[in-house]
Amino acid sequence: MSADAHTSQPAGTEEYQPVFTEQMLEQLQEILARYPTKQAALLPALWLVQRARGWISDRNMAEVAEVLGLTPAYVKGVVTFYTMYHQHPVGKHFVQVCTTSPCNICGAEAVVQALLAATGAKELGATSPDGKWTVIEVECLGACGFATPILVDDDFIESVTPDSVPEIVRKYK
Amino acid sequence: MRSALRIPHSVGKGGGVVGYPHKPHPRETVLLSRYFGEADARTYKAWVKRGGYAALEQARAMEPARVIDIVKESGLRGRGGAGFPTGLKWSFMPKEKKKPHYLCVNADESEPGTFKDREIMRWTPHALLEGTAIAAHAIQAEVAYIYIRGEFTEPLAIMEKALADARSAGVFGDLKIHLHRGAGAYICGEETALMNSIEGKRGNPRIKPPFPAASGVFGMPTTINNVETLAAVPPILTKGAAWYKGLSLSSPKSTGTKLFSVCGHVQQPGNYEVTLGFPLKDLLYELCGGMRPGRTLKACIPGGSSVPILDRAETESCLLDYEGVVERGSMLGSGGVIVFDDSADMVYQIMRLARFYAHESCAQCTQCREGTAWTTKILERILAGQGKPADLDLLLDLSENMTGKTICVLSDSCAAPVVSGIKKFRSEFEDYLTGRRKPVMVA
């Protein structure tokens, strides 16, 4: 993984900066009120961490475990089950391209190649040398009639073709 | 009825979501999709102006059992895939309330080929919220969770806004409705996996029984319904069960309208709403504009990727209702229609589907964890020109051991396209095995 200013976290002996401080704790309290158990707030809590830090480190998982009264191993077990939680730093823009069958027959693989080239990420899952882009293939994004759909961060973009890729990449730069 | 051409409502940085870009065809019956494309219908005020939340008021004035009876009489069946009668499902909840009751709404739409629930949430979020509140009243639930897949960022934002508006208008009374965002796992569309996911667990399906009505989310009596099912409930209350039951072109066991998501090799893919019993052939050739110029239909998966593939003759003689699709050897499923023309490499596409299931297996059951992975590997080997003559029998044997042997049906869903694909397109597999066709993958 390349160095990435906004997502990298201090490793080793450096002091850990907790995610759940005042405002975040308030948000967590609101979430906890929706469920009869603390554990049920786990998925939303992990989303809060990822939003704040860009990815979810082992230290973050330990903090979430402490806040919700779970063990770090349990939290890791859940994080690793769901594909949308990043366990490593990713590029500033994270691109998910659907390549499941319905998109595949409409040319999704060419869209992947165009994205890898235009972003400089070069290979799937790798981050571009400038730290700006990570591109991955994902299974069905649920927009099969509008092939090929991609997600750039939280932006859902449909009917992407290799031709429209350079323009999309330019807009996010 | 709708008249204006559907316009893209949100254009993101790269072009954004287009969604429902077609003018309704005269042969469509627009009940759920009536307000698709009208961006203002998303607001609480405009929804009330369109008659929204009247059905909820009507339901609240009734005994819960009466609401269940009306939905039973309407013949409404679950639109998520299984087609279980909705009113009957509601009636399984304990009559006498001793514990908290929950309602779960399955908005984890992830079945390849299916993209209807997201349109309901994007255009008519209040239709879903109203249906949710009516169902909660019927089953006496005080809390409802709407589980939305993590990738649906835009539907989630729209639902959040709609929920906040309706809540502040006080329409839900004591009922609490919460949105719960998934985090990328197809299996969470399985009802008990979804409940585990709400509880903050890995999305592993549970062994049944106990069924959700006895022990669902948080171990309490729970009903779970699909988005499209619940969105159909308000019109059933306002217009009556008999009216809804009358919407049927064939089998009396299949009533009402259904959204069909059509994708793949048709000229105008998209969501089309038709009365059940509508001919699949007409959906593809009339409503969707048929195949691309110079191309002919080869195959069709009529109900999302988990159901058997139909060949051309079966497709062209298939009626779109629960019984009609079964008669042709497949299932209505979620209504996700995937169309392949003569340019499609069926072996490669079946491999892509197998790879999907291998990726999405929760890995609890051996037959599924190993079966989906090996099915994919064998198909990849065939596509790389290294298949063995016995591979087709091996795939069929594997598939047999993956069917009806696991906690949930993900494993069966992987086997369905493989078995039907080998049966109907065997020569395409043999072309790779004999070297008549050049390898398209690297081993």
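Residues are numbered from 1 along each chain as its sequence is written, and chains are lettered from A and ligands numbered from 1 in the order in which they are written.

Chain A has a mean pLDDT of 92, and 92% of its residues reach 70 or more; pLDDT is the predictor's confidence in each residue, from 0 to 100. In residues 1-5 of chain A, however, the pLDDT is below 50. Where pLDDT is low, the predicted coordinates should not be read in detail.

Chain A is divided into domain 1 (22-79) and domain 2 (93-172), with bounds from an automatic or database domain assignment. Their C-alpha centres lie 29 Å apart.

Let us turn to the interface. Here 43 residues of chain A are in contact with 53 residues of chain B, contact meaning C-beta atoms, placed from the backbone, within 7 Å. The side of chain A that touches chain B comprises 26 nonpolar, 11 polar and six charged residues. Nonpolar covers Ala, Val, Leu, Ile, Met, Phe, Trp, Tyr, Cys and Pro, charged covers Asp, Glu, Lys and Arg, and the others, Gly among them, are polar.

Finally, which residues are in contact with B:Cys104, leaving aside neighbours within four places in sequence? Among them are B:Tyr145, B:Tyr147, B:Leu194 and B:Ile224.

How values were computed. This is a predicted model: local features need pLDDT of at least 70, side-chain atom pairs count only at pLDDT 80 or more; totals for chains, interfaces and linings use all residues. Two residues are in contact if their C-beta atoms, placed from the backbone, lie within 7 Å.
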